[in-house]
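Have a look at the structure below, try each task yourself, and then walk through the worked solution.

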Amino acid sequence: ALKVPEARYDEVMVQVNALPQVAHNYRREHSLNMWFVLATETPERIDQVITAIERDTGYPVHNMPKQEEFFVGLRFEA
């Protein structure tokens with residue numbers, strides 16, 4: 001998550017969304033107003049992507065790694 005000033009929100013959103021590791025990005029009504037999910041080939045790559053986001057945007061990333069993984073099965077009747 002990032003805390004982005006409203007005046008720069010759209011600009012930073014474009015920067016973050018340009019990264020292929022960003023699965024989705026959404027606005028929250030919170031002091032940390034930009035939340036996004038990173039998907040990388042290896043867990044170690046997450047830190048590299050976070051460092052790139054911080055460098056490119058100038059804002060610290062608040063990393064909140066998942067604590068548990070859930071799988072939702074979706075089935076359609078034939």
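**Exercise 1.** Is Arg27 buried, partly exposed or exposed?

*Solution.* Before we start, note that this is a predicted model, in which local features need pLDDT of at least 70, side-chain atom pairs count only at pLDDT 80 or more, and totals for chains, interfaces and linings use all residues. Residues are numbered from 1 along each chain as its sequence is written, and side-chain values use heavy atoms, with hydrogens and water left out.

Step 1: recall the classes. Buried means under 20% relative accessible area, exposed means over 50%, and partly exposed lies in between (1.4 Å probe, protein chains only).

Step 2: apply them. Arg27 has a relative accessibility of 40%, so this residue counts as partly exposed.

**Exercise 2.** Find the salt bridges, and describe where the partners of Glu6 and Arg27 sit.

*Solution.* A salt bridge is a side-chain nitrogen of Lys or Arg within 4 Å of a carboxyl oxygen of Asp or Glu. Side chains of opposite charge can pair when their charged atoms come close.

Step 3: take Glu6 and Arg27, whose closest N and O atoms are 3.1 Å apart. This pair links distant parts of the chain, 21 residues apart: Glu6 belongs to the segment before H1, and Arg27 to strand S1 (residues 22–27). Helices (H or I, at least four residues) and strands (E, at least two) are DSSP runs, numbered from the N terminus. Glu6 has 53% relative accessibility and therefore counts as exposed.

Step 4: Arg8 is partly exposed at 25% relative accessibility, and Glu11 is partly exposed at 43%.

Step 5: finish with Asp56 and Arg55, whose side chains meet at 3.1 Å, N to O. Asp56 is partly exposed with 38% relative accessible area, whereas Arg55 is exposed at 60%.

**Exercise 3.** Which residues have the most contacts inside the largest nonpolar core?

*Solution.* A nonpolar core is a set of buried Ala, Val, Leu, Ile, Met, Phe, Trp, Tyr and Cys residues joined through side-chain atoms within 4.5 Å.

Step 1: read off the members. The largest core holds 16 residues, and Leu2, Val16, Met34, Phe36, Leu38 and Ile53 have the most contacts inside it. At least two residues of this core come from each of helix H1 (9–17), strand S2 (34–38) and helix H2 (43–57). H2 gives the largest share, four residues.

Step 2: look around Ile53. Leaving out residues up to four places away in sequence, Ile53 touches Leu2, Val16, Leu19, Phe36, Leu38, Gly58 and Val61; contact here means heavy atoms within 4.5 Å.

**Exercise 4.** Which residues are closest to the centre of the largest pocket?

*Solution.* On a 1 Å grid over the protein atoms alone, a pocket is an open set of points where a 1.4 Å probe fits, with protein on both sides within 12 Å along at least five of seven lines; lining residues have an atom within 4 Å of a point.

Step 1: describe the pocket. The largest one has about 480 Å³ of space. There are 15 lining residues, and Phe36, Leu38, Asn63, Met64 and Pro65 are the closest to the centre. S2 and H2 are the elements that give two or more residues to this lining, and S2 supplies the largest share, four residues.

Methods:
Grid points are joined across faces, edges and corners, and a volume is the space filled by probe spheres set on the points.
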